[in-house]
Amino acid sequence: MKKQLQGKTVLITGASRGIGHAIASKFAAEGADMVLTHLASDEQGVELAEEFRALGTRVSVYRSDAADFSAVEMLVQDVVREFGRLDVLVNNAGITRDSLLLRMDEQAWDEVLRVNLRSCFNTVRAATSIFLKQRSGAIINISSVVGIKGNAGQANYAASKAGIIGFTKSVALELGSRNIRANAIAPGFIETAMTQDLTEAVKKDWELRIPLRRMGLPEDVANCALFLASDASSYITGQVIQVDGGMLT
Ligand code: NAP
């Protein structure tokens, strides 16, 4: 049976761990050629490249700041030079800088908006001309349920994730006639480095509020990303799919 992403080139930001890494693993298993980004260290990039090459995946790894407009433009040009095309873009890179509003400084606001929201503009802006030439493209932006319902202590993060939803819907409206789709995933409470510092008591309390009674796994989000990346979702655009165990129902 043909793999779902065979012959497709995908770009995933923030793929070194957590949800981005799970999406990369799922896409690799479905035959995609991959460009992965991360930021922390060169060693991390080498390990990431080795991991995917060992699986037989054609992969390029870039240490590249998703929030840096020029760096992203160069990255996308490199992708086209090396792979000749780009089919799927996953905007996953994200950070938190949580605090109550009165203690939130300008830097915590700007950093979160830059990495979480501006990064989506950067990559979509850079990739759109390629998608237009190909007359196809799938954009998947990782938002959050917090972008829909808000969260005390996360005003900056919630604003960035709500911004992603507005951005995604606008892109879907603007580019739909050229067969370019844009959708967002709003994960709930997923087990990654981002949530690992929460106390057991807080985790238990959250779990009780989730109808499926468990935290999500990165793979749960990756399954949804695969659907949105593949031709199985070819008539779906402008949507926000919650992967949250029913938490926000
Ligand atoms: P994570 O484990 O902290 O991973 C974040 C990833 O983003 C890492 O690969 C990190 O790379 C990368 N990154 C951070 N800043 C970057 C930048 N400026 N440029 C490029 N890459 C950058 O987080 P996660 O939980 O997997 O979250 C992934 C996405 O899902 C985020 O957008 C997050 O907001 C969203 N989300 C998560 C949850 C959850 O419960 N975990 C819920 C809803 C939404 P380095 O390691 O190199 O820094």
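A: Helix α3 crosses α4 with a right-handed sense. Bear in mind that this is a predicted model.

Q: At what angle do α3 and α4 pack, and how far apart are the axes?
A: The angle is about 35°, and the axes are 9 Å apart.

Q: Which residues make that contact between α3 and α4?
A: From α3 they are Phe-69, Val-72, Glu-73, Val-76 and Val-80. In α4 they meet Arg-118, Phe-121, Asn-122, Thr-123, Arg-125, Ala-126, Ala-127 and Ile-130. Sorted by class, the α3 and α4 contact has eight nonpolar, two polar and three charged residues.

Q: OK, now α4 and α6. What is the crossing angle there?
A: Roughly 15°, with the axes coming within 8 Å. Here α4 covers residues 106-134 and α6 covers residues 155-175.

Q: Roughly parallel or oblique, then?
A: Roughly parallel, because angles under 35 degrees are classed that way. The crossing of α4 past α6 is right-handed.

Q: Which residues are in contact between α4 and α6?
A: On the α4 side: Ala-108, Trp-109, Val-112, Leu-113, Asn-116, Leu-117, Cys-120, Phe-121, Val-124, Thr-128 and Leu-132. On the α6 side: Ala-155, Asn-156, Tyr-157, Ala-159, Ser-160, Lys-161, Gly-163, Ile-164, Phe-167, Val-171 and Leu-175.

Q: How does the contact of α4 with α6 split by class?
A: There are 16 nonpolar, five polar and one charged residues in it.

Q: Let me pick one residue from that list. Where is Ala-108, and what does Ala-108 touch?
A: Ala-108 sits in helix α4. Leaving out residues up to four places away in sequence, Ala-108 touches Arg-97 and Asn-156.

Q: Is Ala-108 buried or exposed?
A: Buried, because its relative accessibility is 12% and the cut-off for buried is under 20%.

Q: And how far is Ala-108 from Val-10?
A: Their C-alpha atoms are separated by 30 Å, and the two residues are 98 apart along the chain.

Q: Next helix pair: α1 and α8. At what angle do they cross?
A: Roughly 50°, and the axes come within 8 Å. Helix α1 is residues 18-29. That angle makes α1 oblique to α8, and the crossing is right-handed.

Q: Which residues of α1 and α8 make the contact?
A: Gly-18, Ile-19, Ala-22, Ile-23, Lys-26 and Phe-27 come from α1. Pro-218, Glu-219, Val-221, Ala-222, Asn-223, Ala-225, Leu-226 and Ala-229 come from α8. The α1 and α8 contact counts 10 nonpolar, two polar and two charged residues.

Q: Switching topic. How many aromatic pairs are there?
A: Two aromatic pairs are found. One joins Phe-69 and Phe-121, and that pair is stacked because the ring planes are at 20°, with the centres 6.0 Å apart.

Q: Which parts of the chain does that pair tie together?
A: Phe-69 is in helix α3 (residues 69-83) and Phe-121 is in helix α4, so the pair links parts that are 52 residues apart in sequence. Phe-69 is partly exposed at 24% relative accessibility, and Phe-121 is partly exposed at 39%.

Q: And the pair of Phe-189 with Trp-206: stacked or tilted?
A: Tilted, with 5.4 Å centre to centre and 40° between the planes. Phe-189 lies in the loop between β6 and α7, and Trp-206 lies in helix α7, so this pair ties together parts that are 17 residues apart in sequence.

Q: Are those two buried or exposed?
A: Phe-189 is buried, at 8% relative accessible area. Trp-206 is buried as well, at 18%.

Q: Where are Asn-179 and Arg-213?
A: Asn-179 is in the loop between α6 and β6 (180-187). Arg-213 is in the loop between α7 (200-208) and α8 (218-229).

Note on methods: Residues are numbered from 1 along each chain as its sequence is written. This is a predicted model: local features need pLDDT of at least 70, side-chain atom pairs count only at pLDDT 80 or more; totals for chains, interfaces and linings use all residues. Side-chain values use heavy atoms; hydrogens and water are left out. Axes are lines fitted to C-alpha atoms, for helices over the stretch in contact, and angles run from 0 to 180 degrees between N-to-C directions. Helices (H or I, at least four residues) and strands (E, at least two) are DSSP runs, numbered from the N terminus. Angles under 35 degrees count as roughly parallel, over 145 as roughly antiparallel, 65 to 115 as roughly perpendicular and the rest as oblique. A crossing is left-handed if the near helix is turned anticlockwise from the far one by less than a right angle, and right-handed if clockwise. Contact means heavy atoms within 4.5 Å. Ala, Val, Leu, Ile, Met, Phe, Trp, Tyr, Cys and Pro count as nonpolar, Asp, Glu, Lys and Arg as charged, and the others, Gly among them, as polar. Rings of Phe, Tyr and Trp (its six-membered ring) pair if their centres lie within 6.5 Å; planes under 30 degrees apart count as stacked, over 60 as edge-to-face and the rest as tilted. Buried means under 20% relative accessible area, exposed over 50%, partly exposed in between (1.4 Å probe, protein chains only).
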